[in-house]
Amino acid sequence: MEWAVERVRLDIPEERIDWRAKGFWWPGPAITTGEFAERRPHLFDGSFTWPVMVARRSALDGNIAVLADFAREHGLSFAPHGKTTMAPQLFQAQFDAGAWGLTAATANQVLAYRRFGVPRVLLANELLDATALRWIVAELDRDPDFDFLCYIDKSGPGFRRAASAVADRPEGRPLRVLVERGFPGGRTGCRDRRAMLEMAAAIDATPGLELAGVAAYEGGLDTREAVGELVRALVTDARSMREAGLAGDRPIVSVGGSAWFDVVADELGGREDVWPILRSGAYIAHDDGLYRETTPFRRLGGGDAPLHAALEIWAQISSIPERGLAIATVGKREANFDAGLPLPKVVRRADGREADASAIEVTKLNDHHAYLRLPDGLPLEPGDLVMFGISHPCTAFDRWRFIPVVDDDHTVVDVLTTYF
């Protein structure tokens with residue numbers, strides 16, 4: 001299988017920072033994100049107010065390289081899921097590291113990707129929006145270099161709307177689709193091979209549609225054995241398609257979140273009878289909670305290394321109203337909490353001295369306040385800063401339009417812009 005892809009250069013908008021930029025302290029005239037980063041402000045020199053979420057450059061770069069190398073070494077094409085960050089600077093870094101394409105979850109994300117110039121998009125969902133389908137089909141006809149894949153579930157309306165979107169285009173490029181395979185209790189997809197083959201045959205018989213293979217999301221499964229069984233079923237699905245004359249010689253098999261890519265690699269790595277496409281996304285920022293505990297690297301014997309948590313939320317202690325309780329200026333508007341509350345990591349005093357904060361526990365969040373249970377022997381004062389890690393990066397990026405990127409000395413080297 002050929003891994004290498006041509007050089008991709010995205011069109012990254014230059015946005016402007018002003019009083020609307022949460023976490024930044026910029027009361028003067030607007031300044032571009034590039035101009036702000038060129039000033040190399042320090043995180044603690046007065047250019048920011050609290051709370052602010054930052055991304056650590058060394059962790060981002062390392063994580064991107066780790067998964068790119070993993071995919072390459074295991075013979076997997078890589079289409080990382082862009083929904084995690086929706087940050088074109090990070091998309092560019094993923095392409096620079098060798099990504100084949102980019103995975104999307106919604107039609108709006110596909111639209112954003114095309115605005116940035118992403119050449120290959122895998123929409124990991126069925127698309128029932130007729131307006132969006134017609135736009136994507138027109139985009140295929142407008143740009144011969146645009147490659148697009150989407151799912152078709154077993155539902156009749158999704159198939160009929162896709163068929164309608166490509167009708168009456170005798171010279172148009174086909175809409176390439178993957179039949180989605182699911183499992184009992186899962187969220188979408190054909191539940192058995194018979195339904196999958198019926199859907200594949202219907203696609204093959206429809207002018208304007210092209211059957212490209214099969215796909216699934218394994219993240220809802222709890223065990224290595226269940227994930228392996230699903231991936232093997234996908235390979236058999238692809239073989240059945242090929243034997244029935246419904247797909248080409250090498251059908252696509254696409255799976256892979258950030259919790260089971262080791263099993264995907266074991267089952268699909270290096271196969272020549274299918275084209276394996278991995279779609280992990282959360283790896284890029286990793287975390288201090290969910291993925292620290294579930295990363296495949298733990299099963300591979302290295303703890304959660306070589307991935308490292310890249311996101312940090314810095315907040316200020318605003319009150320110590322009673323013994324053992326402190327209030328910090330971060331809440332549900334700034335920190336995600338769907339997979340666990342923020343995790344205190346570092347205390348920074350007014351004089352710049354730092355101390356370990358891992359014994360502090362966040363017990364609850366209000367809109368803009370966190371309740372901290374303090375251990376004995378760790379004195380805090382109002383005005384001290386606490387750095388928090390997060391759990392589940394996919395629900396952290398969307399709370400921040402602008403995210404400073406800092407080096408290991410807390411100097412700003414870039415500003416990410418997100419488009420949710």
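Helix α9, covering residues 261-268, is mostly covered, with six of its eight residues buried. Here buried means under 20% relative accessible area, exposed means over 50%, and partly exposed lies in between, using a 1.4 Å probe and protein chains only. Helices (H or I, at least four residues) and strands (E, at least two) are DSSP runs, numbered from the N terminus. The model is a predicted one, in which local features need pLDDT of at least 70 and side-chain atom pairs count only at pLDDT 80 or more, while totals for chains, interfaces and linings use all residues. Residues are numbered from 1 along each chain as its sequence is written, and side-chain values use heavy atoms, with hydrogens and water left out.

Which residues of α9 are buried? They are Phe 261, Asp 262, Val 263, Val 264, Ala 265 and Leu 268. These buried residues pack against α2, α8, β10, β11 and α11 (296-299); contact means heavy atoms within 4.5 Å. Just after α9 comes Gly 270, with a positive phi of about 75 degrees.

**The sheet**

Two of those partners, β10 and β11, bring us to the sheet. Eight strands form an open sheet in the order β4-β11-β10-β9-β8-β7-β6-β5, and the pairing is parallel. Because β4 (77-78) and β5 (102-104) stand at the edges with a single partner strand each, one side of each is left without a neighbour in the sheet. Two strands count as paired if DSSP finds at least two bridges between them. Strands of a sheet pair through backbone hydrogen bonds, either parallel or antiparallel.

Four bridges join β10 to β11 (residues 275-278), and the two run parallel. Within this pair, Ser 254 stands opposite Ile 277 of β11. The pairing of β9 with β10 is also parallel and has three bridges, and Gly 213 has Ile 252 in β10 as its bridge partner. In a regular strand the side chains alternate between the two faces of the sheet. In β10, Ile 252 and Ser 254 point one way, Val 253 and Val 255 point the other way, and all are buried.

Helices lie across the sheet too. Helix α4 (residues 107-116) lies across β5, β6 (120-126) and β7 (147-152), at about 145 degrees to β5. Helix α8 (residues 224-243) lies across β8 (175-180), β9 (209-215) and β10, at about 150 degrees to β9. For these angles, axes are lines fitted to C-alpha atoms, for helices over the stretch in contact, and the angles run from 0 to 180 degrees between N-to-C directions.

**Domains and cores**

The domain assignment, which is automatic or from a database, gives domain 1 (16-56 + 306-417) and domain 2 (101-278). Their centres, taken over C-alpha atoms, are separated by 39 Å. The unreviewed UniProt entry places the feature "domain: D-serine dehydratase-like" at residues 310-407; UniProt positions follow the numbering used here, feature names are shortened, and annotations may be inferred rather than shown by experiment. That span is 0% helix and 45% strand, and its end C-alpha atoms lie 11 Å apart.

A nonpolar core is a set of buried Ala, Val, Leu, Ile, Met, Phe, Trp, Tyr and Cys residues joined through side-chain atoms within 4.5 Å. The largest one has 114 residues, and Phe 148, Leu 175 and Leu 372 have the most contacts inside it. Helix α2 (residues 57-73) gives the most to this core, with eight residues. Domain 1 and domain 2 each supply at least three residues to this core. Apart from it lies another core, of 19 residues, including Phe 24, Leu 43, Trp 50 and Val 346.

**Loops worth a visit**

Trp 50 and Pro 51 are joined by a cis peptide bond, with omega about 10 degrees. Pro 51 lies in the loop between α1 (33-38) and β3 (52-56), and Arg 40 is found in the loop between α1 and β3. The loop between β11 and α10 (290-294) holds Ile 284, which is in contact with residues including Leu 60, Ile 64 and Ala 310. Ile 284 counts as buried because its relative accessibility is 1%.

| Residue | Phi |
|---|---|
| Arg 40 | about 50 degrees |
| His 286 | near 50 degrees |

Arg 40 is partly exposed because its relative accessible area is 44%, whereas His 286, at 2% relative accessibility, counts as buried.

Note on methods
Lists of a residue's contacts leave out its neighbours within four places in sequence.
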